[in-house]
Amino acid sequence: MLDQRLEAGLGQRREQDLYRRRRQVEHLRGAWLRVDGRDCRNFCSNDYLGLAGDRRVARAMSDALERWHAGSGAAHLITGHSSEHEALEEELADFVGRPRALLFSTGYMANMGTINALAGPDDRVFEDRLNHASLLDGGWLCRGGMERYDHADTADLATRLRSSEADHKLVVTDTVFSMDGDVAPLAELAATVAARDATLMVDDAHGVGVLGPQGGGAAREAGLGTDAVPVYVGTLGKALGTFGAFVAGSETLIEYLIQRARTYVYTTAPPPAVAAATRSALRIAREEGWRREHLDALVRRFQQGLRHLGLPVSSSRTPVQPLVVGEPAVALRLARALEGEGLLITAIRPPTVPAGTARLRVTFSAAHREADVDALLEALGRHLSGSCAPLTET
Ligand SMILES: *Cc1c(COP(=O)(O)O)cnc(C)c1O
């Protein structure tokens, strides 16, 4: 009975070209991977600084494994919180310019747990319409309710804040939007939020390590300290190349989350070796500025190449570069054709993005070389130039 009902749902997804399947990755090396038996250049990872494959990071992890063994054995509040976790928290706080940081097992959990610790039944959550699923899920769970303001629209947000009678108002936004690569107007948002006595929480999953001085993130780039952005979330599985997430803010915020964030309290602490690897990645991310410079140069090269080919260029200045093609079937066809040539780019389809905006989502990494960008451009030129009609400027 259950299976029959589920099969109907699966069939519908297949008909709409929305069915997803997993690939088996057999080998990962820098910007290359072997997937389903084929060697491909990878243009869909979030490994922006190329640290997931860094030997020094891997070595830090294996050294820590000798000392700590595999698991943490318990939640942070029991006996899972090691000196390795503590040191990483201090270094992360310093990195993003906040008094204190708190590790979470994943970004998904950091967002769900933080929003629900901060917004009670008499409060209200306001989210950008295009926020990441983990932020939206956190908002939907909030008993005081959640509403979405138009993407990056501070005027719409201001109107909504004005008409809300909630005790406390929590405004939540991605910094870099993961499907478009655009950056939220953080300074304007901070001003709007301050004028309404609300609280601003930002999710810098795609900004930390990439944006700002030494990679210290989008809030630092915008010059926004703890007063303007009291709740800052960063993740470790993207630019930092490892796994996990953190929330940074005041002493009081962190103490409060330790008591009240359910996704922090009721889950096993990540392995200490993962924290050790992240400490190594963090040092490299801060010190090796060439990684960010190289990444910027690759993005500029890609955009110039697209322009040269007469293809639409996204306004994104981040390593996330969308090519919107419209219909899911078109995105899928293009992704398959490119994969056939050893270029791996994910077709992103609804419900991850709004209907009619299916896209190829290209992401760059400091592990790419200029030759990788050129190979991609050459193939895009062949596959897209003829069928430019469905393309729309983003
Ligand atoms: C990837 C991502 C997350 C989730 O982080 P995980 O550590 O992978 O769970 C949260 N927010 C945004 C904006 C993301 O892109």
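Which residues does Asn 111 touch, not counting residues up to four places away in sequence?

Guide: The model is predicted: local features need pLDDT of at least 70 and side-chain atom pairs count only at pLDDT 80 or more, whereas totals for chains, interfaces and linings use all residues. Numbering starts from 1 along each chain as its sequence is written, and side-chain values rest on heavy atoms, with hydrogens and water left out.

Once residues up to four places away in sequence are set aside, Asn 111 touches Ser 134, Leu 135, Met 201, Asp 203 and Val 233; contact here means heavy atoms within 4.5 Å. Asn 111 lies in helix 5, helices being DSSP runs of H or I with at least four residues and strands being E runs of at least two, numbered from the N terminus. With a relative accessible area of 2%, Asn 111 is buried (buried is under 20%, exposed over 50%, partly exposed in between, with a 1.4 Å probe and protein chains only). Its side chain makes a polar contact of 3.0 Å with the side chain of Asp 203. A polar contact is a pair of N or O atoms within 3.5 Å; within protein, one must be able to donate a hydrogen and the other to accept it, and residues adjacent in sequence count only if both atoms are side-chain atoms.

Asp 203 leads on to the ligand. The ligand has 13 residues around it, of which Gly 107, Tyr 108, Asp 203, His 206 and Lys 238 come nearest; a residue is near when one of its heavy atoms lies within 4 Å. Helix 5 (residues 107–118) gives the largest share of this shell, three residues. A polar side-chain atom of Lys 238 is 2.5 Å from an oxygen atom of the ligand. For the side chain of His 206, an N or O atom lies 2.6 Å from a ligand oxygen atom, and for that of His 132 an N or O atom is 3.4 Å from a ligand nitrogen atom. Of the 380 Å² of accessible area that the ligand has on its own, the protein covers 83% (Shrake-Rupley method, 1.4 Å probe; for residues, only the protein chains shown count as cover).

Ile 115 is also found in helix 5. Its relative accessible area is 0%, so Ile 115 is buried. Beyond its neighbours within four places in sequence, Ile 115 is in contact with Val 125, Glu 127, Leu 135, Gly 138, Gly 139, Leu 170, Val 172 and Met 201. Ile 115 and Ala 261 are 146 residues apart in sequence, yet their C-alpha atoms are 8.5 Å apart in space.

Another asparagine, Asn 42, is found in strand 3 (residues 38–42). At 10% relative accessibility, Asn 42 counts as buried. Apart from residues up to four places away in sequence, Asn 42 touches Ala 31, Leu 33, Leu 344 and His 368. His 368 is placed in the loop between strand 14 (358–363) and helix 15 (370–384), and His 368 is buried, with a relative accessible area of 2%.
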